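Hi,

Here is the structure I promised to pass on. Have a look at it first, and then read on for my notes.

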Amino acid sequence: MIARVQPLTRTRAVRGPFDYRLGAEHGEVGIGSVLRVPFGGRATLGVVVALAERSELAPDRLAEPQSVLPAELPPDLVALAGWMAGEYCSTPARALRVVLSAGAADVGRPRRALVAELTEGGRDALAGGVRLTAKQRAALTHLLLHGASGASQLGLDTARRLQARGLVTLEQRIRPRRPPRHAVGSAPASAPQLTEEQRRALESVLAALCAEEQPASRDFLLHGVTGSGKTEVYLGAVAATLARGRSAIVLVPEIALTPQSVERFRARLGEVVAVLHSGLRAGERYDEWLRMRAGEARVCVGARSAVFAPLSDLGLIVIDEEHEGSYKHEGDPRYDARSVAEHRARQHGAVLLAGSATPRAESVSSKRRLALTKRIDGRALPAVEVLDMRGLHHPLHPETRVALADLRRAEGKAIALVNRRGWSNFLSCKSCGHVWLCPNCEVALVLHRTGSLLACHHCGHRETVPGRCPACASISVARHGAGTERVEHELIEALGSPAFPIFRLDADSTSLSERARTLQRFQAAPGGVLVGTQMVAKGHDFQGVSLGIVLDADQTLRFPDFRAEERTFALVTQLAGRTGRGRAGGRVLVQTLSPAARAIAFAAQHDADGFLADELVRREALRYPPYATLIRVVCAAREADAARSVASALRGLISPPDTIVLGPAPLFRLRARARSQLVIKASDRSAAIRAVG
Ligand code: ADP
Ligand code: ZN
Ligand code: ZN
């Protein structure tokens, strides 16, 4: 037999698959098997994408694989990788790498450990009549209560003595490494009585799940206001899927910061739930992956890469907070987990259920919409007030200061959102106007007070804060704009003393786990202000937050992207969603230089439908998604001329019908590389992809 293998190289020029000869010693090899193969003078991992009787190559020119790895991809994921390679103008090898690395299959074999189990004799011994030391009694009791356990947990010496007396058995066993669990607070393990709206939404999904023949659309959009109980609908749909003997994937953004979302699924559904995300150790990921591959786990809850969960018989894919940017992968292939989920759902005839309070215009126009219009507790959404910052120089509006003073008096909780980390957005010389730029990236350096340095947020370049201007030697330097550090400082000032706790959360608070701890401390605190970048507005279910503040709504609004308005609308709405969940009710203050901006005005009215209708009209007029496909091609080179001429040459090559090519347009230099960009707007997606690829 011949195995056609895609070696998992990153080199774009390599276009497999390549043939290898299989011998009897390789055992069962099929599509999806992972092999270690000789390739270009080295050993590399490769995935079998096809089997054949014979090869075009002479038998003596065929190499044999060196070994077969225990992990193997299910064939449908091999097919999915093939589709991704085309859809995202990548290579099959790169796509397979990404699919496989969801489980990090090259981390080795499952861990073995010495496991102790109680014998009949041990059981009797506990009942009495046998002399036991306190340690031995404790160990036996533990085994009685918890079942087989690691010997190291009981104390190795104690375990061995008990074994010698025939009271326990000791055995080397595979012990799956399980992701750590988080406390869930008071989340109920059993389903509450669903509201009328929840019940109706769930029924529509169940009808599609149970339909024998495939109706026209099995893609749903659960458009539910914040706090309307979308998760209960997901849970109900997953439980029904399991009951029909099928499996389910639940995609959630940013697990490390919202562990509660995962825990709700684990608490309700138990051991059939596997968890996949980048916060896990490699061994934990691998073992979770194996549990799914073996069919022990039938539900995968995880971030973006969980869309590649090796589950058979998929019946349902849920995408929670479907508007979140983190579903898009920045590496190659630049896949969008939402589109991959759609494709995978088609492959399996599965139902797709995407949910959000602020869905994307694309989802509204392409999916069957289910609405949850009311918050669970019947409480109103918080009032949103727009504060005009024109003519003001302080980062806090007078109204904001009053609100903070009230909050302090009432010992309440607030969340303040700033879109920039650091202290000031940029520095300029007051005499000559010189602006401090990154030497690699042509973007302004951001002043950070912690460590007092200037930092580039693109490439990580750092330098010390200047004493004088390098252009004119003046010592008067102006600082512009307010980042999280500055706002933290202003809040401490405004609240009178540091005794009222301020919690800062941004990518500068070193590790993910440190950020998670900050969120927990804010959750537990009776009063205080959580200040940070967008991550403070994400899906948290905090109790008792009565005030939300958006400090600079213009930051996102001015971003040069056709999604800028959608993002701004989502940001304000999601922050409002974290606010007023308790009895105290709540209000949200939006500080802005453009109080009349559409996105802000609609958010202030809680009018998602109005915003979306308006947004769709605008998108159609400008030929943006969902009315066209956008493909961005970035050419990077050391010299600006080279980048531009490559882009121009490319432009000449692209001419599918009904296509507009914009550019070449210069982008700011990034990591010492000049860049030039083309944007292709096309009505026919596949024609555009073919033209580019
Ligand atoms: P969303 O995701 O729509 O913002 P959640 O799913 O987080 O809302 O639900 C908000 C809160 O309401 C949660 O604490 C949840 O446990 C609770 N909840 C959801 N459905 C019900 C219900 N039918 N009865 C009582 N409480 C519910
Ligand atoms: Zn100067
Ligand atoms: Zn830089």
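Let me start with I31, which sits in the loop between strand 2 and strand 3 (33-39). With a relative accessible area of 37%, I31 is partly exposed. Together with M1 and L51, I31 makes a nonpolar surface patch of about 250 Å². Before you go further, please keep in mind that this is a predicted model.

Now to the metal sites. Which residues hold the zinc ion listed as ligand 2? Its protein donors are the SG atoms of C429, C432, C469 and C472, at 2.2 to 2.4 Å from the ion. Along the chain, these donors of ligand 2 follow the spacing C-x2-C-x36-C-x2-C. One pair here links distant parts of the chain: C429 belongs to strand 18, while C469 is in the loop between strand 21 and strand 22 (477-480), 40 residues apart. Are C429 and C469 buried or exposed? Both of them are buried. The angles among the four donor atoms run from 102 to 113 degrees, and the site of ligand 2 is tetrahedral. For reference, the ideal angle for four tetrahedral donors is 109.5 degrees.

The zinc ion listed as ligand 3 has C438, C441, C456 and C459 as its protein donors, again through SG atoms, and they lie 2.2 to 2.3 Å away. This site is tetrahedral too, with angles of 105 to 116 degrees among the four donor atoms. C441 counts as buried because its relative accessibility is 0%, and C456 counts as buried at 4%.

Next, some backbone details. There is a cis peptide bond between G16 and P17, with omega at about -5 degrees. You will find P17 in the loop between strand 1 (2-7) and strand 2 (18-21). Another cis peptide bond joins D332 and P333, and its omega is about 0 degrees. P333 lies in the loop between strand 13 (314-319) and helix 11 (337-348).

E321 is also in the loop between strand 13 and helix 11. What stands out about E321 is a positive phi, near 50 degrees, in a residue other than glycine. E321 counts as buried, at 13% relative accessibility. A672 is not a glycine either, and has a positive phi of about 65 degrees. Its place is the loop between strand 28 (659-670) and strand 29 (673-682). Is A672 buried or partly exposed? A672 is partly exposed, because its relative accessible area is 30%, and buried would mean under 20%.

Last, take a look at helix 10. The twelve residues of helix 10 (residues 282-293) should span 16 Å at 1.5 Å a residue, and the end C-alpha atoms are 16 Å apart, so the two agree. How many of its twelve residues are buried? Nine are, which leaves helix 10 mostly covered. Among the buried residues of helix 10 are G283, Y286, W289 and M292, and E284, R285, D287, E288 and R291 are buried as well.

Enjoy exploring the model!

Notes. Residues are numbered from 1 along each chain as its sequence is written. Chains are lettered from A and ligands numbered from 1 in the order in which they are written. This is a predicted model: local features need pLDDT of at least 70, side-chain atom pairs count only at pLDDT 80 or more; totals for chains, interfaces and linings use all residues. Side-chain values use heavy atoms; hydrogens and water are left out. Donors are N, O and S atoms within 2.8 Å of the metal (3.2 Å for Na, K and Ca); water is not among the atoms, so sites may look incomplete. Four donors count as tetrahedral if all angles lie between 85 and 135 degrees; four count as square planar and six as octahedral if opposite donors are over 155 degrees apart and all others between 65 and 115; anything else is irregular. Buried means under 20% relative accessible area, exposed over 50%, partly exposed in between (1.4 Å probe, protein chains only). Helices (H or I, at least four residues) and strands (E, at least two) are DSSP runs, numbered from the N terminus. Patches are made of residues with over 30% relative accessible area and no salt bridge: like charges are joined within 9 Å, nonpolar side chains (Val, Leu, Ile, Met, Phe, Trp, Tyr) within 5 Å. Accessible areas come from the Shrake-Rupley method with a 1.4 Å probe; for residues, only the protein chains shown count as cover. A salt bridge is a side-chain nitrogen of Lys or Arg within 4 Å of a carboxyl oxygen of Asp or Glu. The expected span of a helix is 1.5 Å times one less than its number of residues.
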